[in-house]
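Please read this briefing alongside the sequence and the coordinates. The points are grouped by topic.

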Amino acid sequence: MTLLNDATALRSLHARARGWARVLKLPFRQQRWRGHAGEFMGGGTGSSLDFQDHRIYLPGDDPRQINWQAYARTGTYSMKLYREEVRPLVDVIFDVSASMFAFPAKEQRALELFAFVVEASLQSGATLRCHAIAGGNHQHLEPEVILSGQWPERVRELHASAAAPALNRLPLRSGAMRLLISDLLFPGEPESTLACLSARNGRGIVFAPYAQDEADPGWDGNYEFIDPETSLPHEHRVESALLKRYESAYKRHFELWKAAALKHGIAMARVSAAVDFQKALQHEGIASGGVESA
Amino acid sequence: MSLTLANTWGLWALLGLPAVVAIHFLQRRNRRVPATTLFLLEQMKRESRTGNRFERLRTSIPFWLQLLMVLLLTWLLVQPRWLKSDAVQRIAIVMDASASMQAFREPAMQAAEDVLGLLEGPLARAELTLLSSDAEAPSLYHGTQPGELSQALTQWEPLLGVHDFTPALRVARGLAGPKGVVVLITDHPLPASPQFAAKVISVGQETDNAGWAGVTVEEKDSQWVWHALVKNYSRSSQERQWRASAGGAESPWKPLKLGPDETQTLSGPFPPGDVQELVLQLSDDALKLDNELPLVRPLPKLLSLCPLDAAPSALAEMFSRHAHVRIVGVPGESDLVAAVMTPDFSLPEQRHGCFFQARADETAPYLKGSIVAEPHPLVEGLNWQGLLVRDSKPLSRLAQDRVLLWQGERPLISLRQMPAGGRQLLCQFDLETSNARKLPALAVLLHRFLETLRGDKLAPEAANFDVRQKISVAHQTGPEAAPLRLETTEIPLAQARLLRAPSKPGRFIVRQGEKVLLTAAAHFADTREADLTQARPFNEIDQIKAVQIETLHESDPNQRLWLLALLFLLLGSWWFTNSKREAQEAVRA
């Protein structure tokens, strides 16, 4: 039984993810948010304790905000403005294409990342909205379903696809933090995908789990490669020269993604499946700005 | 330099080559692995050819070391040997001359060819000898050319009976030398290894055979009748046909059914008239020698006996009862005389004769004392103890007398060889007062005496013999006498005593000059040779080859070096394999 099919294991994973979320946070502080009242600094004035500015009272202003001490000194109505505190919007986009679960370690890491972002978002009081996506198909996942570990049953209805996830079809919210968990192993330019993450004042973060079997497969000889998306075999003979070319192509693929992410102001963290989750996330996530220390 | 493999079974080790290749290939056969980056591989499709079940060979040190190990191991196992520069191949082939080999002539010749096939070709000098196991026969071939030996094989004619191979093997070993190969080709395995380190190849197979096993011809009512034995030697019933042919006429084939190991007697008269020869034929089978039985109408020599005047009629009657003895009245026409020695009788000097004493005094006492026979062919095995002889005056004894029978100190029967040539049997007792006529011993003695005279008589004779049977033919002697001739073979008189019937069945004539002395037929009736049930295959050609290789070749002097190299290769392969694995694990770690 794989982890994906074990609801109990998924719930247990969330329990651990809550611990990780106390150590590592999503970078909500790096941006001003809009939304319902919450704990994070909003873009406008609000009722928080953080002083923002003084201005002349204008009709229509809340009389409770009048600075009476200043009126006593000057006789002029003036207003004392405080920062607005809001609940950030978080849109989690989880790539559930079969390649994400092709290797047990990678499957583990992908599910850990998903659990982490969900738990980190919830602990931050963010308004969470999750989407599972596979190529052009997507499925909305309610937080309750995710926390109950029942979400894999919902995503099974999505047809397997080797195509790039069609983020433009998702109802991403304006000004939301958009977290994409994907291995990015699909053909095509990264621009179209990343543009969706940063559109409409979105704050994009990409977590890309990867397995050692992909980065350094150590292929040597004849292979019957099985495409996880289609389950079709592909025969190849790999020799050392070809392996080197493959490794450089793999490296170049992610360099293109990183360059495109930088261009769009998107944090991109490749999280290795070979080491402990917390260490891997600290190593890649903090450096890229995908997470921050609590 | 000719290379020979002492152990060709070692070549099986070469199977290790494909095994090593297969192991190296199969461990790299298509492995099914999930690949999430196929789109990257597809981009490099032109560089990545579709996988084959077998990859092309790639440089891998353990792989090459293991191949080298297999080759070295094969080299050591096959035990390579090189022909010595001074090698001389000496092979002496002894062909069994037993008549039973007639049934296996072709396989035997093929076996000889197989032995010649062991020769190393023109690289080594060969000394080849082909002998028959008949020690008296000359060697069939001695030379250096296998082809000539093969031709000489056609002259090999096995016709002997059971005989000892040792003399022929001794000769063969002498010719082949101590390191040469001596091969005996026969039709049955020997109970023990033959002497002189000879190797045996038996080409025999248990074979059914039936044939003539003997014949007697007797005169019955003035007609000659033959009685022939026909025997089935096999363990199963056999059906044959037989017929007789004589004077150009042949009787129709008659069926003959013989049970396992059964012997039947067939009889028949000689055809009337002047037909002197008869051939009994049996339908063909594996051994043809005993399928034909030639016969001649016997013509024994007739002895003429003349009783001299004083001889009683009983004496003439006694001799007339012997076969082929004719009583004549003229002493000059007779071959021998018979007489009673009266006091005034003088023995004829030149004539053969048989003489008895004159009637003794009936009152004289019987001789006393033990009767003792001298060791002589005429009296051998005869019982004289019942002889009662009255005492009488014995003949004076001459130096040329040979006493055959004594009673006490008195000679009873003597054989006198007269200087003029007469051979005379002197019985010093009378027939009337003694009981000699009642004794079988006297009849046998007279028969033997007559037969010796008959044998010495110069007269034509016809008789039947077994093949190679010893023949005694009376012939003229003297410096001017012509040699004997057996068909076309001339036999010096000095060797006349060695005369034997031919080895092959058939009619033959012995002449002296133009005079025919003997007309005869020889037939094969050796039941031991005709019995082919004991023939079995047996082959020591592998040992012959081993001896040949051992003698003519020298082994690889670097064998220990190769063994050491094999050990190093083994260690090297192990080291390279392990180091590669560790390196891969390190990279993965």
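The model is predicted. Chain B has 589 residues, and chain A has 294.

**Chains A and B**

- Chain B contains eleven helices and 31 strands.
- Chain A contains nine helices and twelve strands.
- In chain B, 47% of the residues are buried; in chain A, buried residues make up 51%.
- Of the contacts in chain B with a separation of 6 or more, 69% are between residues 24 or more positions apart.
- In chain A, 73% of the contacts between residues at least 6 apart in sequence join residues at least 24 apart.
- The accessible surface of chain B is about 30,800 Å², with 54% of it supplied by carbon and sulfur atoms.
- For chain A the accessible surface is about 13,300 Å², and carbon and sulfur atoms account for 51% of that.

**Strands β7 and β8 of chain B**

- Strand β7(B) spans residues 181-186, and β8(B) spans residues 199-203.
- These two strands, β7(B) and β8(B), run parallel and are paired over four bridges.
- Within this pairing, Ile185(B) has Ile201(B) of β8(B) as its bridge partner.
- Five of the five residues of β8(B) are buried, so the strand is mostly covered, buried being under 20% relative accessible area.
- Lys199(B), Ile201(B) and Val203(B) point to one side of β8(B), while Val200(B) and Ser202(B) point the other way.
- Strand β30(B), residues 537-539, pairs with β8(B) in the antiparallel sense over three bridges.

- Thr186(B) belongs to strand β7(B).
- With a relative accessible area of 0%, Thr186(B) counts as buried because the cut-off is under 20%.
- The side chain of Thr186(B) makes a polar contact of 2.7 Å with the side chain of Asp96(B).
- Beyond its neighbours within four places in sequence, Thr186(B) has contacts that include Met101(B), Phe165(B) and Gly204(B).
- Pro167(B) lies in helix α6(B), residues 166-176.
- Pro167(B) has a relative accessible area of 29% and is therefore partly exposed, as this falls between the 20% and 50% cut-offs.
- The C-alpha atoms of Pro167(B) and Ala135(B) are 5.9 Å apart, although 32 residues separate the two along the chain.

**Nonpolar cores**

- In soluble globular proteins, nonpolar side chains tend to be buried together.
- The largest nonpolar core here has 56 residues, and Ile93(B), Met95(B), Leu130(B), Ile185(B), Ile201(B) and Phe508(B) have the most contacts inside it.
- Helix α4(B), residues 105-116, gives the most to this core, with six residues.
- Another core lies apart from it and has 49 residues, including Cys130(A), Val155(A), Ala269(A) and Val271(A).
- Leaving aside neighbours within four places in sequence, Ile185(B) is in contact with residues including Ile93(B), Val94(B), Met95(B), Ala108(B), Ala111(B), Ala112(B) and Ile201(B).

- Strand β10(B), residues 223-232, is largely enclosed by the rest of the structure, because seven of its ten residues are buried.
- Strand β9(B), residues 210-220, runs antiparallel to β10(B) and is joined to it by ten bridges.
- Lys220(B) has Gln223(B) of β10(B) as its bridge partner.
- Two residues lie between the strands of this hairpin, in which Asp221(B) has a positive phi near 55°.
- β10(B) is also paired with β14(B), residues 263-269, over seven bridges in the antiparallel sense.
- In β14(B), Gln264(B) stands opposite Val230(B).

**A five-stranded sheet in chain B**

- The strand order in this open sheet is β25-β29-β28-β26-β27, and the pairing is mixed.
- Its edge strands are β25(B), 461-466, and β27(B), 489-491, each pairing on one side only.
- Direction ignored, neighbouring strands of the sheet are turned by 25° against each other on average.
- β26(B), residues 484-486, and β28(B), residues 506-512, are antiparallel and share three bridges.
- In β28(B), Gln512(B) is the bridge partner of Leu484(B).

Terms used:
Residues are numbered from 1 along each chain as its sequence is written. Chains are lettered from A and ligands numbered from 1 in the order in which they are written. This is a predicted model: local features need pLDDT of at least 70, side-chain atom pairs count only at pLDDT 80 or more; totals for chains, interfaces and linings use all residues. Side-chain values use heavy atoms; hydrogens and water are left out. Buried means under 20% relative accessible area, exposed over 50%, partly exposed in between (1.4 Å probe, protein chains only). Contact means heavy atoms within 4.5 Å. Accessible areas come from the Shrake-Rupley method with a 1.4 Å probe; for residues, only the protein chains shown count as cover. A polar contact is a pair of N or O atoms within 3.5 Å; within protein, one must be able to donate a hydrogen and the other to accept it, and residues adjacent in sequence count only if both atoms are side-chain atoms. Two strands pair if DSSP finds at least two bridges between them. A nonpolar core is a set of buried Ala, Val, Leu, Ile, Met, Phe, Trp, Tyr and Cys residues joined through side-chain atoms within 4.5 Å. Axes are lines fitted to C-alpha atoms, for helices over the stretch in contact, and angles run from 0 to 180 degrees between N-to-C directions.
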